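Please read the following report alongside the sequence and the three-dimensional structure, which are displayed here. It treats hairpins, sheets and helix packing in turn.

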Amino acid sequence: MQVRVLGPLEVLIDGRRLDLGGQRQQIVLAVLALETGQVVPVGRLAEALYGDDPPSTARSQVQICVSALRRLLPDAIVTRAQGYQLRLPAGSLDLAAFTDLAARARTDPSLHRAALGLWRGPALDGLDSRVLRAAAGRLEERRISLHEDCAEWELELGHHRDLVPELIELVARHPLRERLRGQLMLALYRSGRQAEALEVYRQARRALIEELGLEPGPGLRQLEQSILTSAADLDAPAAPGNVPCLLPTDIADFTGRAEQAAAIGGRLAAAGPAVPVVVVAGPPGIGKTTLAVHVAHRAAARFPDGQLFADLHGWGPRRADPAQVLERFLRTLGVSGTAMPETLEERAETYRSLLSGRRMLIVLDNAAQESQVLPLLPGTPSSAVLVTSRVRLAGLPGATHLDVGVLDPAHSRELLARIAGPDRVEREPEAVDRLAHLCGYLPLALRIAGARLSARRHWTVAHLVGRLEDEARRLDELSHSGMAIRGGMSLTYDSLRPPARQLFRRLAILEVPSFSGWVSAALLDRPVTDAQDILDDLVEARLIEVTGGPRYRFHDLIRVFARERLAAEEPAAEQRAALRRFLESLLFLAEAARRGVYGGGHMLISSDAELRPLPGLPPDPTLSWLEREDQTLVAGIAQAAAAGLSDLCWSLAVTGVTLFELRFRLDDWRESNRTATAAVQRAGNLRGQAAMHYSTGSLFIVEQRLDEARRHLEAAERMFGEIGDEKGQALAIRNIALTERIRGDLPSATARYERALGIFRRGGHLGEAAYTLHNLARARMEEGDPAEALRILPEALAMSRDTGSRRVEAQVLHRIGEAHLHLADPRAAAGAFSEALAVARDIRDRVGEAYTLHGLGVAHLRAGDPAAAGPVLRAALSLARGADERLIEALVSLSLGELALTTAEPAGAHLRRALELFRGIGVPKYEEQALSLLDSAAKVRR
């Protein structure tokens with residue numbers, strides 16, 4: 001968000017101007033903006049609206065204005081005891097930026113122009129308010145004073161001819177400012193226009209006498225006398241004998257980068273014991289050279305002895321030799337051909353000697369390594385060096401490094417408007433936004449797109465967007481009159497060593513927005529440490545970006561280029577082999593994370609897919625690792641399906657359920673199931689089809705779609721039986737039992753649990769046996785035999801701990817707590833629930849935590865401690881709603897209703913919600929409990 005008061009009041013969101021409503025709303029916002037961060041009393045706002053005679057409704061009118069503004073600017077306006085406060089993010093208010101730049105300009109006069117450039121016209125122009133007119137007058141005084149300071153500085157630098165038009169305009173707007181009159185007189189005199197300078201004095205005298213009845217001050221009178229006598233002290237500063245300026249032309253449509261430009265300029269001007277060196281780094285096409293040249297022109301006045309420029313061609317086939325660059329610099333500095341030293345060392349010594357004590361700016365563009373730059377550094381700190389490179393050049397001692405990224409959407413639109421014309425941008429705003437996105441917000445791509453539109457006035461923006469949508473042609477389309485995206489990328493790519501080029505190509509295989517470093521090891525079939533070094537080469541060359549984590553990603557256009565190289569240089573068989581290695585490594589890591597939650601065993605359902613370990617990988621991945629890789633996992637499932645790797649596809653989908661279920665990512669679970677189901681059906685993969693029926697049935701249980709769940713689980717049981725997979729059969733049987741238990745068919749559920757348990761025991765699947773035992777125990781409790789449940793559960797707890805299955809351990813502890821509740825021992829129940837809660841929180845099982853908090857709250861309630869039960873149950877309800885888990889929400893609502901009855905508080909809302917949820921899920925037993933408690937609540941009301 002940008003708030004602008006230095007001109008007509010404006011608020012921009014992502015570069016788009018908001019409609020701020022009528023005058024009153026704008027006046028209120030303007031007053032708040034002028035005092036951003038301060039509390040503005042309501043009375044002051046009323047005064048701004050109505051002057052000294054506010055109506056009786058003034059306070060309510062202010063409130064109406066603030067309310068309307070809050071709808072436009074959510075969270076920006078805060079109510080305080082005496083009034084309102086506007087809170088803006090840093091860098092959002094143009095007045096704050098102006099104040100900062102003006103203060104810094106006292107020590108760095110090159111910032112004057114940056115500060116003045118923030119003004120778009122008279123401050124708060126068009127707002128009819130006495131308070132604001134007074135404030136605007138004060139701001140205008142600051143502006144004109146800064147103009148005077150800027151003119152003073154530029155006159156000292158000998159820029160008198162350039163200043164004349166600007167000073168004429170300023171004097172016309174401020175005819176009584178004697179300092180401005182004097183500056184205009186001096187600029188005209190130094191430009192050889194003595195008569196005009198004296199006429200300015202005569203006009204000043206007439207204006208002062210007519211307006212104020214005063215003669216000009218002594219300074220202006222003395223200046224007139226000096227001009228009449230051509231005093232020597234009025235002459236312009238003498239120009240040095242040899243002042244080279246090799247800078248390329250500045251870019252007229254330079255856009256954005258204001259903060260970075262100011263930072264570079266400030267560093268170049270900083271005094272210190274060493275030569276100021278700034279390295280501007282970024283990928284090809286990002287605008288490094290444009291930024292450097294722009295800053296160099298702005299800073300040129302601080303380096304009156306000249307500016308040198310050299311393109312070092314660091315990524316081209318003919319990289320510039322420092323000795324050749326020094327020869328050109330020395331000739332520019334006056335060294336004749338016969339006096340030119342022969343060796344690099346001698347030339348560097350002569351160069352440093354000539355620059356000693358001189359104030360020169362050296363711009364070295366497109367450096368590839370430190371060895372190109374070091375011989376070109378001056379020897380004394382009076383000069384400064386600005387370097388651009390695709391790498392950081394960390395070996396340059398004392399250098400300041402600045403990384404340049406893409407433009408934001410607002411500045412991208414602004415750049416397109418400047419090149420293609422504002423009318424076209426305004427006519428097709430949505431197409432312009434899409435064009436900027438397809439250009440990846442890369443300045444060079446935006447320039448090319450803008451230039452193509454400018455050259456083809458009959459094209460609409462949407463037409464160019466349509467051409468760029470075809471990724472296969474996008475880089476071809478981004479070419480115009482010698483400007484091209486592909487060329488810069490090709491130079492960088494060609495400069496890489498072969499393993500880095502190979503990794504760059506193969507990373508384009510991935511269909512993920514970002515990726516971790518281990519991926520490079522799988523794609524290259526190398527140890528992790530070796531592959532990481534190669535990946536770092538790509539980062540250093542700015543072909544890959546580093547994000548948080550760390551994770552890595554392509555810029556969109558660089559990804560397109562990588563895919564071109566992949567298609568051109570990698571045989572299809574090698575591409576497929578690299579993809580398979582990536583998927584097998586992903587499966588290996590995901591399965592390792594699953595074991596961390598569920599304990600030992602190979603997979604929930606046995607698979608023929610290969611698990612590929614990665615040599616040199618750090619310790620086993622955790623569930624948190626799997627969370628960070630969620631997009632990689634989902635994309636991997638889709639890529640395995642597209643490549644016809646059905647075993648890998650369904651194995652990844654089944655293993656991913658660990659994440660999807662624990663973190664309640666049902667959309668990912670659902671989409672992965674659909675993708676994998678289609679893949680195994682196309683391949684005729686019976687085991688995969690059985691596994692996906694099992695996974696889909698499990699998902700439907702979580703969603704409480706019990707009829708659909710049972711259909712899929714019965715299909716899974718049948719298909720596992722057909723292929724002779726007893727473990728898969730037992731898994732399906734166990735989940736069918738769960739649907740029966742939820743529905744209240746306890747005898748059938750118990751029989752199925754015992755059947756599944758027998759299969760697990762025979763096969764040695766202790767983790768699955770533990771999970772089945774605890775479900776069987778719950779069924780026994782619901783049959784009215786909690787003692788039998790308590791007899792079963794210790795074995796389940798031991799099994800879960802032996803196999804390292806933390807999640808099953810938490811669930812068994814939860815069942816033990818329930819058994820103690822059924823046996824009327826709430827103290828023992830609370831102890832078991834507390835243990836379960838610790839495990840659930842440790843593995844970050846939010847749904848499990850909700851169930852356990854519910855049990856703990858009920859234990860407190862049964863122990864006669866409603867004060868302890870209330871906070872625990874409310875926390876459980878919050879977790880249940882956050883996870884959208886209807887069954888636990890219903891159970892907690894039921895218990896909150898019971899708590900309300902205990903404390904003589906209204907219970908109806910909780911109980912009606914519980915009844916609604918139980919009916920929607922289809923669990924008659926709990927419906928009856930809710931109805932019974934509702935009846936009790938009705939009797940209490942009567």
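In the hairpin formed by β2 and β3, where two residues lie between the strands, Asp14 adopts a positive phi near 50 degrees. The model is a predicted one, in which local features need pLDDT of at least 70 and side-chain atom pairs count only at pLDDT 80 or more, while totals for chains, interfaces and linings use all residues. Residues are numbered from 1 along each chain as its sequence is written, and side-chain values use heavy atoms, with hydrogens and water left out. Strands (E, at least two residues) and helices (H or I, at least four) are DSSP runs numbered from the N terminus, and two strands are called paired if DSSP finds at least two bridges between them.

β2 and strand β3 (residues 16–17) pair in the antiparallel sense over two bridges, and the bridge partner of Leu12 in β3 is Arg17. Strand β1 (residues 2–4) is joined to strand β2 (residues 10–13) by three bridges, again antiparallel, with Glu10 of β2 as the bridge partner of Arg4. The hairpin of β1 and β2 has five residues between its strands, and Gly7 takes a positive phi near 140 degrees there.

β5 is joined to strand β6 (residues 83–86) by three bridges, and Val78 has Gln85 in β6 as its bridge partner.

Strand β10 (residues 384–389) is mostly covered, six of its six residues being buried, that is, under 20% relative accessible area with a 1.4 Å probe and protein chains only. Ala384, Leu386 and Thr388 point one way from β10, whereas Val385, Val387 and Ser389 point the other way, and all are buried. In a regular strand the side chains alternate between the two faces of the sheet. Strand β7 (residues 277–281) runs parallel to β10 and is joined to it by five bridges, with Val280 standing opposite Thr388. Five bridges likewise join strand β9 (residues 361–367) to β10 in parallel, and Leu364 stands opposite Val387.

Helix α18 (residues 429–438) and helix α20 (residues 461–469) pack at an angle of about 30 degrees, their axes lying 9 Å apart. That angle makes α18 roughly parallel to α20, a term that covers angles under 35 degrees. In this contact, Ala431, Val432, Arg434, Leu435 and Leu438 of α18 meet Val461, Ala462, Leu464, Val465, Leu468 and Glu469 of α20. The residues of the contact divide into nine nonpolar, no polar and two charged, where Ala, Val, Leu, Ile, Met, Phe, Trp, Tyr, Cys and Pro count as nonpolar, Asp, Glu, Lys and Arg as charged, and the others, Gly among them, as polar.

Technical notes:
Axes are lines fitted to C-alpha atoms, for helices over the stretch in contact, and angles run from 0 to 180 degrees between N-to-C directions. Angles under 35 degrees count as roughly parallel, over 145 as roughly antiparallel, 65 to 115 as roughly perpendicular and the rest as oblique. Contact means heavy atoms within 4.5 Å. Buried means under 20% relative accessible area, exposed over 50%, partly exposed in between (1.4 Å probe, protein chains only).
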